Amino acid sequence: MRPFRIDIPQADLDDLHRRLDAARWPGEVPGVGWERGVPLDYLRDLAEYWRTEYDWRAAEARLNRYPQFVTEIDGANVHFLHVRSPHPGAVPLILTHGWPGSFAEFVDVIEPLTTGDPDNAFHVVVPSIPGFGFSGPAPEAGWDVPRVARAWAELMHRLGYDRYIAQGGDWGKVISLNLGLADPGHVIGVHLNMLVTFPPDDPAALAGLDEADLAKLGHAQWFADDGLGWQKIQSTRPQTLAYGLTDSPIGQLAWIVEKFKEWTDSDKSPEDAIDRDRLLTNVMIYWLTATAGSSAQIYYETTHLAADFVRTWGGPWPLEMPVGVAVFPADASRPVRRFAERVLPTLSHWTEFDRGGHFAAMEQPELFVGDVRAFARSLR
């Protein structure tokens, strides 16, 4: 285990600027907005801001405020933040990001979680999934969700944490649930800010659902029809996709920004929900580490076929410890509690918020922190 500090060579930033200056832009069908992807005028404006106003060095300094480390687990490098609380009795908490997020999603919640409430504080660990960001590409095939979960169990063991809470959304959701399965003697609770609930095969299970739950099912059908293009590509041909995204910063930008528009509580642009500089910092982590392709490999490893997808995201998860779920209304997945109780038998905490989306720690940090604290209190 060795200390790590982000220090991007200036030559890499100069190369990015040259590529942005030399971008070749496509045309678009007029008047369709975001329906067919990222609008041209929006992306040109964002790329110009990226080139002329965004300050990576300021973002780099902000990320470097927190202690970072790299260790090798099961042959793979694992980059992580580790911020200990000054309060006695703090509970270890491992936060796991997803795609197209990164460890930077959690920057706004680290200080509140570690120092904000002396009676409900946490030692915070934020790893980068192998294949993502500063963890770099996994060294071999086979790094699926259960293997990542086992690596997280080993990481927490190396850090000396005997009892800890696992938290996550997106891939962090299924990694945290699998961590609960892999390390039941040490995981005391699992908190999720995303949950997928597939309707049971029995039509009778739909009887009595209220309008809100029926609307969630309607959104799920729309998402299955219109919103899964990225998932099919990354689950089947991640290497082919990697060439375009690794060579073109405009391509990488569009690939990520689209999801920040579709999955956040935004109206006209992602910036309705998330600060533009924070959004670009997340994109930069993918670009500067050239991990567009390697971060997509977890899809191939875990959800290659339709049956893999349903099993991975739909459960069931027969955990021994309590599970808490925070539901944010603009998330890509909008779970129905009745269905959740079927696949999470230890579900003990459920909160539905009136705002926020997929990137909860970035969009609504206060709500996120409050719900994690409330779940942790319920475990005492």
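Is L279 buried or exposed? Let's find out on a short walk through the structure.

**Before you start.** You are looking at a predicted model, in which local features need pLDDT of at least 70 and side-chain atom pairs count only at pLDDT 80 or more, while totals for chains, interfaces and linings use all residues. Residues are numbered from 1 along each chain as its sequence is written, and side-chain values use heavy atoms, with hydrogens and water left out.

**Stop 1: L279.** Select helix 11 (residues 276-289), where L279 sits; helices here are DSSP runs of H or I with at least four residues, strands are runs of E with at least two, and both are numbered from the N terminus. L279 is buried, with a relative accessible area of 0% (buried means under 20%, exposed over 50%, partly exposed in between, with a 1.4 Å probe and protein chains only). Now show Y42, V257, F260, P270 and I274: L279 is in contact with these, leaving aside its neighbours within four places in sequence (contact means heavy atoms within 4.5 Å).

**Stop 2: the whole chain.** Zoom out to see 16 helices and nine strands. Of the 380 residues, 57% count as buried. Among contacts with a separation of 6 or more, 79% join residues 24 or more positions apart.

**Stop 3: the largest pocket.** Select V196, F198, F223, F309 and S333, which lie nearest the centre of the largest pocket among its 26 lining residues. On a 1 Å grid over the protein atoms alone, a pocket is an open set of points with protein on both sides within 12 Å along at least five of seven lines, a cavity is a set where a 1.4 Å probe fits but cannot get out, and lining residues have an atom within 4 Å of a point. The pocket's volume is about 450 Å³, meaning the space filled by probe spheres set on points joined across faces, edges and corners. Colour helix 7 (211-226), helix 8 (229-236) and helix 13 (306-314), each of which supplies at least two lining residues. Helix 7 gives the largest share, seven residues.

**Stop 4: the cavities.** There are two cavities of 30 Å³ or more. The largest holds about 100 Å³ of space; select E105, G169, D170, N193 and H358, the closest to its centre of the 17 residues that line it. To finish, select the lining of the second largest cavity, which includes N193, M194, F328 and S333. This cavity holds about 30 Å³ of space.
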